[in-house]
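Please read it alongside the sequence and the coordinates.

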Amino acid sequence: MHDTEWMAFADAGLERAAQLRGDAAALADLFARGNILPFWRGKPLVRGGSALAFVAADHPVLRQGRPAVFLGLNDGAPCFAVDISDWQPGPEAEDLVAGFLDPSVQRHPDFDQDAGFCELRGIMVALGAREAEIAATARAILQWHQSHRFCAACGAESVQAMAGWQRDCPACAAHHFPRTDPVVIMLVTHGNRALLGRSPGWPEGMYSCLAGFVEPGETIEAAVRREVLEESGIGIGAVRYVASQPWPFPANLMFGCHADALDDAIKIDPAELEDAIWVTREDMVTVMSGAHPRIKPARKGAIAHFLIQNWLAGKLD
């Protein structure tokens, strides 16, 4: 991996301790003395806007929670997540905001005003590396439980097993495991220029690297070439893997690549992109400094920002 900058959620060293997931007695002991992170509708509990707010096993907020998920050992300390999405905020609560990012904070009456449930995308850079990894892991696994309650084989409601890392069907005995969807995200370059795209509905001025899901039967390289051609009409030659990033919105693994364009004639698919533009290296420096009049920089902590910074530093050449 290149090391021009840190990426959120990526390989901060959480010990997952998978060997403990099937040991009910050990898990009960770990939970009783563990640090538990409450989540509400995909939002972790955060204190001061920059730190996860863990609670003890006997905290009253957990009485409203669903079965705990064992995340692992954080420097030896047991770490769990509990979804309390069944809690209903009162009429005084901030309304959820639909769209690219929800800036609202929901505050539970069992906590003081310094703690609230926050959108992870909005605080991912403020969190320390380990806490970001913990939050990403928890968000992805809790969302999987929420969206995969029923057995794909027979339709019966399944139950949580293996400390949250499995669901079992009591009707047909099928086992189900958390899914991760592979996504390619690529910095496409042509000489001294890089290709940026903009999806419909993004905030004004937001552009980023092109990206798309890897389809069944595809390699990473084939997915890069197909997605770029479909979205922008640009043919791609050489493709080089750079780095990966877990992206828990809801459960993606982003494969960051650098791709060489064979031509520069853009023909966008309006169903995929609202706009696509070539940006020179010199203009990209202005973009990433936040001084460009039209284009906003890629979000810090995201792999798109990482790829662009490495390109500007000459590490992708």
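Does E227 count as buried or exposed? The model is a predicted one, and in it E227 counts as buried, because its relative accessibility is 8%, where buried means under 20% relative accessible area.

**Surroundings of E227**
- E227 belongs to helix α4, which covers residues 220-232, and its side chain is joined to that of R226 by a polar contact of 3.1 Å.

**Nonpolar cores**
- The largest nonpolar core contains 55 residues, and those with the most contacts inside it are F9, L71, L187, L196, M284 and I308; helix α3 (residues 129-147) contributes the largest share of this core, with eight residues.
- A second, separate core has 20 residues and includes V55, V61, V82 and A115.
- Beyond its neighbours within four places in sequence, L71 is in contact with L14, E15, R16, C79, F80, A81, I134, T137, A138 and I141.

**Cavity**
- The count of cavities of 30 Å³ or more comes to one, and the largest cavity has a volume of about 40 Å³.
- The lining of the largest cavity is made up of L196, Y207, S208, M284, V287, M288, I295, K296, P297, A298 and I308, which divide into nine nonpolar residues, one polar and one charged.
- Helix α5 (residues 281-288) gives the most to this lining, with three residues.
- L196, M284 and I308 are among the residues that line the largest cavity, and they are also among those with the most contacts inside the largest nonpolar core.

- The largest pocket has a volume of about 650 Å³ and is lined by 28 residues, of which I185, W202, A211, W247 and M254 lie nearest its centre.
- Two or more residues of that lining come from each of β10 (181-190), β11 (193-198), β12 (210-213), β13 (236-247), β14 (252-261) and α6 (303-312), and β12 gives the most, with four residues.
- By class, the lining of the largest pocket holds 17 nonpolar, six polar and five charged residues.
- At least two residues of the lining of the second largest pocket are supplied by each of α3, β13 and β14, with the largest share, five residues, coming from α3.
- The lining of the second largest pocket consists of eleven nonpolar, three polar and four charged residues.

**Backbone features**
- F249 and P250 are joined by a cis peptide bond with omega of about 10°, and P250 is found in the loop between β13 and β14.
- A17 is not a glycine, yet it has a positive phi of about 50°; A17 lies in the segment before α1 (24-32) and is buried, with a relative accessible area of 5%.
- M162 likewise has a positive phi of about 50° although it is not a glycine; M162 sits in the loop between β7 (159-161) and β8 (166-168) and is partly exposed, with a relative accessible area of 36%.

Terms used
Residues are numbered from 1 along each chain as its sequence is written. This is a predicted model: local features need pLDDT of at least 70, side-chain atom pairs count only at pLDDT 80 or more; totals for chains, interfaces and linings use all residues. Side-chain values use heavy atoms; hydrogens and water are left out. On a 1 Å grid over the protein atoms alone, a cavity is a set of points where a 1.4 Å probe fits but cannot get out, and a pocket is an open set with protein on both sides within 12 Å along at least five of seven lines; lining residues have an atom within 4 Å of a point. Grid points are joined across faces, edges and corners, and a volume is the space filled by probe spheres set on the points. Ala, Val, Leu, Ile, Met, Phe, Trp, Tyr, Cys and Pro count as nonpolar, Asp, Glu, Lys and Arg as charged, and the others, Gly among them, as polar. A nonpolar core is a set of buried Ala, Val, Leu, Ile, Met, Phe, Trp, Tyr and Cys residues joined through side-chain atoms within 4.5 Å. Buried means under 20% relative accessible area, exposed over 50%, partly exposed in between (1.4 Å probe, protein chains only). Contact means heavy atoms within 4.5 Å. A polar contact is a pair of N or O atoms within 3.5 Å; within protein, one must be able to donate a hydrogen and the other to accept it, and residues adjacent in sequence count only if both atoms are side-chain atoms.
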